[in-house]
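Have a look at the model first.

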Amino acid sequence: MAKISDSRLLDALRWIHRYQERHGYSPTMREMVNGLYLSSTSIANYRLLQLERIGWIERDRERARAMRITEKGLAEPGLDSHIRKAHA
């Protein structure tokens, strides 16, 4: 599991999912900073790297806003059940 708090990672995963559902695309780093009350884009990037490392998201660094929540991320027990159902 990741070094930073599991709850912080789950919060980030939930927030990303809600953002994607609401807007139809993934958030920018700056939007993550604002939405998750982080202090910098560096911390937002670190969270994304952790989510990616444990397999909850996949990103294409060649394209802006190119991020998706993986099946492993959707199956995480800490996610709200409506998130899992929306992708079933």
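The notes below go from the overall fold to one helix and then to a pocket.

This is a predicted model, so to speak of local features takes pLDDT of at least 70, side-chain atom pairs count only at pLDDT 80 or more, and totals for chains, interfaces and linings use all residues. Numbering runs from 1 along each chain as its sequence is written, and side-chain values use heavy atoms, with hydrogens and water left out.

The protein has 5 helices and 2 strands, in the order α-α-α-β-β-α-α along the sequence. These are DSSP runs numbered from the N terminus: H or I of at least four residues for helices, E of at least two for strands. Of the 88 residues, 41% are buried, meaning under 20% relative accessible area with a 1.4 Å probe, protein chains only.

Buried residues in α1 include Leu9, Leu13, Trp15, Ile16 and Tyr19. Just after α1, Gly24 has a positive phi of about 85°.

| Lining class | Residues |
|---|---|
| Nonpolar | 7 residues |
| Polar | 2 residues |

Asp, Glu, Lys and Arg count as charged, Ala, Val, Leu, Ile, Met, Phe, Trp, Tyr, Cys and Pro as nonpolar, and the others, Gly among them, as polar. Both α2 (29-36) and α3 (41-53) supply at least two lining residues each.

Conventions
Buried means under 20% relative accessible area, exposed over 50%, partly exposed in between (1.4 Å probe, protein chains only).
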